[in-house]
Amino acid sequence: VKMRSLAPGIKLITSFSRDSWYRFVILLLTFVFYTTYHLSRKPISIVKSQLHRNCSNVIHPADLNITDNDTWCDWAPFDQNNYRNLFGVLDNCFLVAYAIGMFFSGIFGERLPLRYYLSSGMILSGIFTALFGLGFYWQIHSLWYYCLVQALNGLVQTTGWPAVVACVGNWFGKGKRGFIMGVWNSHTSVGNILGSLIAGVYVSSAWGLSFIVPGIIIAVAGVIFHPKMKILSLITHPRVVPNPSKYHPVIFAHRVVFVLQGVVEFSLCLLFAKLVSYTFLYWLPLYIANVAHFDPKEAGDLSTLFDVGGIVGGILAGLISDYSGGRATTCCAMLIIAAPMVSRTVLFFLSVFLSLLRLWAKCMLLWCGALVNGPYALITTAVSADLGTHECLRGNSRALSTVTAIIDGTGSIGAAVGPLLAGLISPTGWNNVFYMLIAADVLACLLLSRLVYKEVRGWCGYTTRLRG
């Protein structure tokens, strides 16, 4: 008796190897969990335009005794004329703590069980995100409270990135790594989009919920990411097994990669690339609200177009770099095009929105998001994985976590400086903020010039001769 043939769906499932299923599970889990990290970071940029508004246009309750018609609806201490500086300080508390913590996170990530490390980080991040929102219900008007909560949140948020990149980088080879990690890295933009939309639902009625709801989401995800779930133990077993006897060769190999393979250049390039990206992340909704006179929800919804463009840019950068073999050249080309696009975007918002030609302005936002976030996504994913799994580091599979933390930690310095500078410069005019962003793009491009030259020589058939 012949056995009945399997259904097409069952055939498709069984056609994948065990290795392929492991890769799929790792991609899916790390995508979902890091999406929640970015989802919980985004609300502050949406709520800014609610914390300080033009109260003269807001109808006040009849029983409310108003002493200042322009600031009665603002949330102290952000009701003063220096509110932009205070917003910059608030952003910086998170980002400086994140940058400092990132340099140590890779070390802890190498030594602690990944499941405990990630789950505890997600739960703590949810708690601190929710505490910021609870300031609304507890009627807290102390800047120090919000700064402290932001700083603690920045520290615990460093648990995510080195760990998830190490998971993905150790399971995927270099050939299609750019494309795969470009698609996977869209969790950054997806998290920003979801965070904007969720925060936008509550921002005008009860802005505290704009933080509390994302905080609950990431904390619940951390609980689901439970240490006893056997399927998640796959993440903690990369394909390459570390060999303790190779400790000293690995130390030397670290130095080789740092000097020859461009960790320094990519790290410094990422510093300026993240400066630009995070300035958009934290200040774009407020800029749109101020210039186009949108309410906080509309400004937040519109700002998500920048993140949609970021998804496209990350995938495009990965595809091009896989095909060409030139990670640095791909980044440099996108940065060159991004610099004038940043200036064009501000000019279009100042003129196009006021003339109601919004479709073209939306296209500019998408395109700008792709060019700004493309190099940033490529460096933090495929480039970090290339360097951390370099052949001279073979025998130390956990080196990827350290290399990733160093590169992203350096980039996070730029992420901290950008929003702070935006807060200091924006009172002198939004144009000056965008000139600062253009200068950062140019510097990021120049820092890759040696690596671009090396890649171009390789395409032309020249080989690099090692000295010594």
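Trainee: On a 1 Å grid over the protein atoms alone, a cavity is a set of points where a 1.4 Å probe fits but cannot get out. How much space lies in the largest cavity here?

Mentor: About 160 Å³, where a volume is the space filled by probe spheres set on the points, joined across faces, edges and corners. Bear in mind that this is a predicted model: local features need pLDDT of at least 70, side-chain atom pairs count only at pLDDT 80 or more, and totals for chains, interfaces and linings use all residues. Residues are numbered from 1 along each chain as its sequence is written, and side-chain values use heavy atoms, leaving out hydrogens and water.

Trainee: Got it. How many cavities of 30 Å³ or more does the structure hold?

Mentor: Four.

Trainee: And which residues lie nearest the centre of the largest one?

Mentor: Thr188, Ser189, Ser277, Asn373 and Tyr376 are nearest, out of 19 lining residues. A lining residue has an atom within 4 Å of a point.

Trainee: Which helices supply that lining?

Mentor: Helix H9 (187-202), H12, H13 and helix H15 (358-388) each give at least two residues. H13 has the largest share, with five residues. Helices here are DSSP runs (H or I, at least four residues), numbered from the N terminus.

Trainee: How do the residues of that lining divide by class?

Mentor: Six are nonpolar, twelve polar and one charged. Ala, Val, Leu, Ile, Met, Phe, Trp, Tyr, Cys and Pro count as nonpolar, Asp, Glu, Lys and Arg as charged, and the others, Gly among them, as polar.

Trainee: Which helix gives the most to its lining?

Mentor: H12, with three residues. By class, the lining of the second largest pocket has six nonpolar, eight polar and four charged residues.

Trainee: Switching to helix packing: at what angle do H3 and H12 cross?

Mentor: Helix H3 (residues 43-51) and helix H12 (residues 263-292) cross at roughly 30°, and their axes come within 7 Å. They are therefore roughly parallel to each other; angles under 35 degrees count as that, and those over 145 as roughly antiparallel.

Trainee: Which residues meet there?

Mentor: From H3, it's Ile44, Ser45, Ile46, Lys48 and Ser49, and from H12, Leu281, Tyr282, Trp283, Pro285, Leu286 and Ala289. That contact has eight nonpolar, two polar and one charged residues.

Trainee: H3 also packs on H13, I see. How do their axes cross?

Mentor: The axes of H3 and H13 cross at roughly 155° and come within 9 Å, so the two helices are roughly antiparallel to each other. Ile46, Ser49 and Gln50 of H3 make the contact with Pro296, Gly300 and Ser303 of H13. Those residues divide into two nonpolar, four polar and no charged.

Trainee: What about H8 and H13, how far apart are their axes?

Mentor: The axes of helix H8 (residues 177-184) and helix H13 (residues 296-324) are 7 Å apart, at an angle of about 175°. That makes H8 roughly antiparallel to H13. In H8, Arg177, Gly178, Phe179, Gly182 and Val183 meet Gly314, Ile315, Gly318, Leu319, Ser321 and Asp322 in H13. Four of the residues in this contact are nonpolar, five polar and two charged.

Trainee: Now the backbone. Is the peptide bond from alanine 76 to proline 77 cis or trans?

Mentor: The bond is cis, with omega near 10°. Proline 77 lies in the loop between H3 and helix H4 (83-111).

Trainee: And what is the phi of glutamine 139?

Mentor: Glutamine 139 has a positive phi of about 55°, although it is not a glycine. You'll find glutamine 139 in the loop between helix H5 (114-137) and helix H6 (143-157).

How values were computed
Axes fitted to C-alpha atoms, helices over the stretch in contact; angles between N-to-C directions. Parallel < 35°, antiparallel > 145°, perpendicular 65-115°, else oblique. Contact = heavy atoms within 4.5 Å. 1 Å grid on protein atoms, 1.4 Å probe; cavity = no way out; pocket = protein on both sides within 12 Å on 5 of 7 lines; lining within 4 Å.
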